[in-house]
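Let's take a walk through this one, starting from the inside and working along the chain. Have the viewer open and follow along.

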Amino acid sequence: MKHLRMKKLLIPTLALSLVMTTGTTAFAQNGRDHNDDRNSNARQNFDKRPQNAIKFDFKDIKGKEFEWALNYIMSLVSRRIFDGYPDGTFKPQETVTRIEAITAAVRLMGLRDQAESDAEKATKLNFLDAASVPSWAVGYVAVALENDLFTESDTIVNPNQPADRLWATTLLVKALKLQDEAEANMNAKLPFSDSSAVPAGSVGYVKVAVDKGLVNGFEDNTFRPKQLVTRAQIAALLDRAGNQLPGSIEGLVTGTVVAPVNGNILTVRTNGQNINLTLHPDVFIYRNGAKVSPSALQTGDVLKIRSNDNSIIYIEVSQPNGGNPTTPTQAIGVKTGMVTSAISGNTITLLINGQTISLPLNSNVLYFRNGAQTTAAGLQVGDIVTTRSYNYGVSYVEVTQAVGTVGTPTNLASTIIGTLTYPISDNTLLLTTSAGLQGVSLNSTTIIYKNGAFTTLSALQVGDVLTTYAYNHTAAVIEVTKSVSPVTTTGEMTGTVSGQVSNNLLTLTSAGQSYSLQLHANTSIYSDGAQTTSAVLQPGQVIKVHYYNGVVLHAEILQRADGTSVTQPNIAQFTGTVISATNSVVVIVNGNQAQAVNVNDKAFIYRSGTQVSGSALQAGDIVKIRSYNNSAIYAEVTQLTSGNNQNFSVSGTFNSVTFTNQGKIATITINQTGTNGSNVTTTYNVSSSVSITGNMSNMVQNRAITLQGTGALITKINIQ
């Protein structure tokens with residue numbers, strides 16, 4: 001049953017941005033509803049509000065790799081929806097966190113002032129992980145909760161969790177106030193081959209988002225609900241969606257070029273009058289699928305224009321030189337048709353089922369004809385081709401039947417699905433497929449597509465699940481359909497080594513999931529009970545790894561690749577309070593009994609999240625120690641010293657003492673048996689009020705002695 005939502009009336013906004021932004025709101029001027037004067041001259045006023053400098057020259061989106069997303073990104077940057085980073089990058093492949101998405105949603109709903117008010121920032125959040133929400137974001141979470149961006153059953157925010165496609169899609173629909181429509185579509189049938197992966201309670205949200213043109217599936221007809229969202233991918237999504245939603249004309253001027261640019265002045269005709277516009281020195285101009293200079297604008301071009309602080313910062317040629325609009329049919333999925341004209345500019349034109357359509361081309365298009373790679377000029381009118389698209393632009397064109405030929409053409413294309421099993425070498429990709437291990441040749445033009453963006457071979461990791469489209473047994477396109485999961489927490493994992501260790505990267509398969517873990521330069525591996533290095537790791541071995549912040553510190557091989565068991569080291573774990581510590585010995589007390597623990601020379605010791613030496617441990621620290629073959633290989637301070645009042649006793653043989661200037665015992669050194677059975681010499685501080693029992697004349701070397709203490713001080717010496 002639908003429930004009534006009694007919420008504040010919001011002025012519609014451009015769209016939901018799923019990245020951290022400084023987006024402007026879409027409130028009507030002078031308190032008026034902007035729908036009242038959408039087509040009037042008042043709506044053509046330029047945005048004259050002074051803003052921070054808008055940057056269009058991002059150093060990490062130059063070249064062909066992200067050319068497909070360039071206009072999407074710049075369009076949103078011009079609207080203050082996206083911003084770059086202080087180091088001059090845009091980070092197009094970086095994933096978006098949930099708190100970034102929530103913050104952006106609230107801002108673009110026109111609620112930024114409310115979210116940053118003292119009242120909202122002082123909200124006591126009732127989420128279980130409220131303490132993990134950054135203080136600056138508390139108001140945003142509070143306002144998001146008030147506006148139905150959370151469900152009634154949500155108990156956590158997960159602020160730092162990357163946003164996946166399903167979560168982002170649901171948030172988008174909620175921010176656009178389409179929940180009722182989503183609820184009405186919960187029993188709809190989704191068109192995707194992996195629709196079963198979409199939870200039943202989310203089907204309606206996905207259906208509405210698809211129907212509204214906000215999201216689409218991938219070229220293999222999958223939705224991939226768990227795939228993470230990148231900044232470049234969201235830029236494309238939002239720019240397409242924003243052109244359909246209320247508020248899309250906020251700050252936008254449409255006009256026709258009257259004369260070529262003269263100096264930095266552009267003259268356009270809008271609303272029946274000519275106006276002169278001043279171009280910003282860094283103005284971004286997009287024409288026929290590419291960034292161009294102001295001199296490329298032609299009389300008759302129809303423009304979409306955005307300004308900032310009285311100068312033009314963004315221009316998109318929506319209709320070149322009075323011709324047809326440049327927006328072609330979206331090149332979604334795999335399409336087959338006949339070439340009707342030579343490729344011109346940024347589009348390929350095909351006849352499909354009696355309908356002529358134009359598809360946008362990415363900059364990295366590969367063309368294949370008659371068994372060989374060719375160029376756009378190599379295609380001929382009348383060729384039957386199959387296209388494959390990525391990010392709504394065609395990247396692969398294969399002539400399946402050349403013009404003038406009849407019969408069934410030779411099939412030179414193949415699809416191979418498998419898991420990357422070994423690091424790439426000798427330009428060969430080795431995959432484990434349903435038919436076994438299979439190799440695929442690579443070349444310099446192979447297209448790699450991962451996490452919603454084009455990338456390079458170096459981004460592929462052992463354990464990634466790939467779909468490879470090959471032509472003449474050479475990979476043309478490699479698509480990562482399931483990325484190996486990085487481990488970014490602390491703990492332990494048991495799994496099977498799934499590939500050769502390369503560049504200190506270990507890949508494991510555990511519970512059906514692939515994981516990628518970084519090995520520390522000093523990682524210790526234990527095989528047949530002995531300490532060794534990562535060089536012994538081989539695919540097929542079952543191992544147990546222990547990692548800290550995603551970095552493997554030590555591991556033990558449990559089973560060889562042939563299935564036989566491996567002798568394990570003597571493993572022990574201790575938890576206690578530090579009495580004293582050196583780089584080679586740590587003395588802890590647990591259960592009133594002090595214990596000297598030998599420290600391995602390759603041990604990893606962490607205090608306050610930082611790797612330290614053994615001598616950096618302080619009396620009173622509570623530590624967790626893991627020992628292999630009676631030698632500590634790992635120690636972590638779980639609680640810093642806050643005053644140590646632990647009572648303890650320890651036995652050994654007397655070694656020596658030192659005295660204060662007043663003649664009192666300052667320290668006592670005894671010989672103890674360490675955890676590995678060796679003799680350990682340990683020095684303890686002695687209280688000025690220490691009591692001594694037994695005959696003092698018997699306090700000689702190797703005489704049995706028992707010490708009792710509190711905190712880090714010996715308070716009683718018992719001579720045997």
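Start at I61, which touches F66, L70, I73, M74, F90 and P92, leaving aside residues up to four places away in sequence; contact here means heavy atoms within 4.5 Å. A quick word on ground rules: this is a predicted model, where local features need pLDDT of at least 70, side-chain atom pairs count only at pLDDT 80 or more, and totals for chains, interfaces and linings use all residues. Residues are numbered from 1 along each chain as its sequence is written, and side-chain values use heavy atoms, with hydrogens and water left out.

I61 is also one of the four residues, with W68, I73 and M74, that touch the most other members of the largest nonpolar core, a set of 37 residues. Such a core is made of buried Ala, Val, Leu, Ile, Met, Phe, Trp, Tyr and Cys residues joined through side-chain atoms within 4.5 Å. Its largest share, 6 residues, comes from α1. A second, separate core has 26 residues, including V96, L125, A142 and L171.

Now look at helix α1 itself, residues 70-78: 9 of its 9 residues are buried, so the helix is largely enclosed by the rest of the structure. (Buried means under 20% relative accessible area, exposed over 50%, partly exposed in between, with a 1.4 Å probe and protein chains only; helices, H or I of at least four residues, and strands, E of at least two, are DSSP runs numbered from the N terminus.) Just past α1, R80 takes a positive phi of about 65 degrees.

Next, the charged pairs. The whole structure holds 10 salt bridges, each a side-chain nitrogen of Lys or Arg within 4 Å of a carboxyl oxygen of Asp or Glu. In one of them, R287 meets D301 at 2.8 Å, N to O. R287 sits in strand β3 (273-287) and D301 in the loop between β4 (290-292) and β5 (302-308), so the pair ties together parts 14 residues apart in sequence. Both R287 and D301 are buried.

Further along, R560 and D528 pair up at 2.9 Å, N to O, linking two loops 32 residues apart. Here R560 is partly exposed, with a relative accessible area of 30%, and D528 is partly exposed at 39%.

Finally, E556 and R626 form a salt bridge at 3.5 Å, N to O. This pair joins strand β26 to strand β31 (residues 622-628), 70 residues apart, and both E556 and R626 are buried.
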